[in-house]
Amino acid sequence: MAQRRIELPQGTLDLLILRTLALEPQHGWAISERMQQISSDVLLVQQGSLYPALHRLERRGWIKAKWGTSENNRRAKYYQLTKTGRKQLELEKDSWHKLTAAIAQILETA
Amino acid sequence: MFSDLFYRLRAFLRREAMESEADAELRFHFERQVEKHLKTGMTREEAVRRARIEFGGHEQLKEEIRDARGVNLVETLFQDIRYGLRILARTPVISCVAVLSLALGIGANTAIFSLIDTVMLRMLPVQKPEELTQVRMRDPRSPNEEPEGTFTNPLWEALRDRQDFYSGIFAWSWAQFDLSQGGAVHDAKGMFTSGDYFSTLGIRPAAGRLLTADDDKRGCPAVAVLSYGFWQEHFGGAPSAVGGTLSLDNHTFGVIGVSAPGFFGLDVGNKFDVAIPVCAAQIFDGPRTRLDRRSWWWLNVAGRTKPGVGAEELKTRLGVVSPQIFAAALPADWEAKDQQGFLRRTFEPSPVATGTSYLRKQFRQPLHVLMGVVGLVLLIACANIASLMLARASARHREIAVRKALGASRARLIRQLLTECVLLSTAGALLGFFFARWGSSLLVRYISTGDNKVFLDLSFDWRVLSFTAGIAVFTGLLFGVLPAFRSTRVSLTSAMKGSQAVDAESRTKFRPGKWIVASQVALSLVLLVASGLFLRSLVKLVTLDVGFDRNNVLIVRANLHNAKVPPEQQPAMFDEIESRLHALPGVVSASRSVMTPVSNYIWNNFLDVDTPNAPTGDAALAFFNFISPRYLETVRTPLLAGRNFNDGDSKTAQRVAVVNETLARRFFPNGDALGKYFRVHPDPGKPALPIQIVGLAKDAKYASLREEAHATAYFPIAQMPEDAEEQVFELRTSARPSALISSVQEAVAGVSKAVPLEFHTLAEQVDDSLVQERLLATLSTFFGGLALVLAMIGLYGALSYLVSQRQPEFGIRMALGAPRGSILRLVMRDVAVVLAGGLAAGTCLAMATVGVLQKMLFGLAPHDTFTFVAATSVLAAVAILAGYLPARRAMRIDPMAALRYE
């Protein structure tokens, strides 16, 4: 496994969490697994850092939490996107696209 | 924002539950991760190890979650408050001094601000006040002057009937009514209101009904509406008052209703007791009523703009209708030149949402000056507390070092220290609020005079509350920030090493303390200079040679019109009363006149003389009084030459006058006024009789103490051109004037029981004209003194602290043979440096700012040397005393004891 992993840029973790939850409500572990899978293990997310982020998002009212039963029949905390969260996701996606496009342009031409 | 706060609070209150939830959540994740690794064939041990590395520290994570949830913020806030209270309670004296000085500062600021708020900023308690505009008149000949706001009744009626841009328009006028029927006057504040007054303002009745357009028709019946306050005070709120009657100036009015509570009229500073329709003026005036008079200016006019009519449009349309309205109300008897001017006037709207007020004109500047004064006091109080905090923070040096060593962040420590400050300032603000309530009503009582009771609705509104809250936070930060930042900048090693090192360091640390004390001295000097200037102005005004003797003079105002005495019988009755009063025991001399000195009333006109280069324009204006022969003797205005009036100067005899020095000098510069003649500019259609000057009197103040002497002419009261149905008796008494009131009442009742009498003393009347000066002098002296005390506490505290810190050093110096005097000099040198710096800065600051006081001073320039020198010396003397006490303590240190210390 010689592949180099990339640390997440500041602030992008929130965006990734929101995007992951956009599909369906999930618990913490599943979010972390999914992010790993989709990014083909390129992104390095310290698993623990997910939780403060989740609580922060909940405080902001972008996601809400509910206790439910997991696929292996255990009690787990499920997170789901709220309406404002969905709006926020669109906003952040948008600004992310603008940012990356701008940076790409600079890298190409400068 | 709210959901966030709510979340944090819930997180805080349910922290046990949430803690265990977070625990369970983290454990769940961890176990799933272990399972995952087990599936790939790792040993259990290996799987747990991997999961742990991937996951990070459990406890550390929980702390981060707590932070993310915002629990910490709330929790530490409570911790800080609890800890702060404990710290403050540990030094109760210092804390009390701090809270008390803050309370005084904040209370004074709130009190003055609440006055500014009520007088100048607050909206009227009526429906949509922003739609109201007052109608005023601009004279094109004096475009820079304030437009005039008083109307004649014909002018008001013409405007009312010829406009269509106001949805409601109304007029009002203030009046004083006597409720008694003879004997001592019992005044009620009356208001003439036109028919649509209450309906346009949207005022509801509290009982009965209010005046309507139907009540305001010529020849209307005498009906009245009571204000809620008057109803409560006078009738105990009895429902039977409505339908009852009330005597106003000896005329009976039927009470038809009571207006809603909280409405006092449109003029801030006044409140009405009774409102009667404008048409009722005829009942008081008789056939020559002011309702028809085209040069009797008495009404104010305001209206509510129709929806859709903007401010600009209103102005244009008022301008358009102006010519025809002024033409309709043109005073026929005016000279052609004045009529032309009258016709060229235009109406102008001015916003009246905050009401109108004579108080604004009179007290705007004094209130702003006082606001500045109390602002300075608050700054000084802050500086005081800042130096206290600084001293205490240095004493907590080691505590802070220990906390830092244990891992507290600097931000956390600063927050803790600032919390303590905000606690202090909050306590100060709460207490200050009570001071303010008490202080502002005291102030209102102070600016009320015998003749003019000021009424202000002082209930605090949101503006005052937020002002107080604002300065509480602001002051807390102001005196907290510097100590908090300084004291948390600790070098751990030196702090842990021991106290000697700390002491060496804190000697340099005293420097900001010095700065604070120096700035206190500077600010105090500014206040002392200001109060010195005001005091000296007042003293100059009070000790001024006014040209009459104000002491021991009782003034009795008698109104024979209200007593319903026929005009032709009045002169004889006034004569009779005067001679009875003169004969009263205890009366040295009694006289009567139309005017009294410094009384707010003036009577003036232009004089014509035949001499070459006679004064013209304003220089030809002279001020009049009509007096009985004993007047000059009674008020003690000396007659310098010629003769006094006597009984021979009757209505049919040659017209004569006694003039003052200024009149004589101005109209007869050759010094030969006696025996010469002048004429008074006549009313249209009336002859101007020549008046001979028979006497010369000393200059006396006429309308105000501040005026330059006016040209004044005294005429025999028997030769009055028209009847004065209200005249004033002056009684020079041998003892306290007010002791004579009952015998005067008896004497007058011996002539007629129906005559209403009003009593003052001349001294009161003169004093009342100095309300503004006295207010400024008293308050600035009070606050100047307060500032002085605060600054001295600051200096004393800072020096005591310095001395206690340097005790070991002084001990060593003495042990090595330094004489005690040199220790004293050492400390006093510090005092001298601080004092010199503060005084220099304060002098510059005062020089730069006192210019704004110019208009409020009398008889001295703002840069009055005496005041500056006096203020500086007082401050220096007190500062040296405050510094000497700790210095003496330093000198008496026992070297052995000092060295044993530590």
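## A first look at chains A and B

The C-alpha centres of domain 2 and domain 4 of chain B lie 56 Å apart. Those domains, by the way, have bounds that come from an automatic or database domain assignment. What you have here is a predicted model, where local features need pLDDT of at least 70, side-chain atom pairs count only at pLDDT 80 or more, and totals for chains, interfaces and linings use all residues. Residues are numbered from 1 along each chain as its sequence is written, while chains are lettered from A and ligands numbered from 1 in the order in which they are written.

Here is how the assignment divides chain B.

| Domain of chain B | Residues |
|---|---|
| Domain 1 | 2–69 |
| Domain 2 | 92–122 + 362–497 |
| Domain 3 | 129–353 |
| Domain 4 | 553–763 |

Now for chain B as a whole. Its secondary structure comes to 28 helices and 23 strands (DSSP runs numbered from the N terminus: helices are H or I with at least four residues, strands are E with at least two). With a radius of gyration of 38 Å, well over the 29 Å that the globule rule gives for 902 residues, chain B is more spread out than a compact globule. That radius is taken over C-alpha atoms, and the rule is 2.2 Å times the number of residues to the power 0.38. Along its principal axes, the C-alpha trace of chain B spans about 130 × 80 × 50 Å.

Of the 902 residues in chain B, 40% are buried. A residue counts as buried if 20 or more other C-beta atoms, placed from the backbone, lie within 10 Å of its own.

Let's zoom in on one strand, S13 of chain B (residues 553–559). Since 5 of its 7 residues are buried, S13(B) is largely enclosed by the rest of the structure. Strand S22(B) (residues 726–733) runs antiparallel to S13(B), joined by 7 bridges, and there Val553(B) has Arg732(B) as its bridge partner. Strand S23(B) (residues 756–761) is also antiparallel to S13(B), with 5 bridges; in S23(B), Leu554(B) is partnered by Thr761(B). For strands to pair, DSSP has to find at least two bridges between them.

Finally, where do the two chains meet? On chain A, 15 residues are in contact with 19 residues of chain B, contact meaning that C-beta atoms, placed from the backbone, lie within 7 Å. Helix H2 (28–38), helix H3 (50–60) and strand S5 (75–81) of chain A each supply at least two residues of that side. H3(A) gives the most, with 6 residues.

Definitions and conventions. Two residues are in contact if their C-beta atoms, placed from the backbone, lie within 7 Å. A residue is buried if 20 or more other C-beta atoms lie within 10 Å of its own, exposed if 12 or fewer, and partly exposed in between; C-beta atoms are placed from the backbone.
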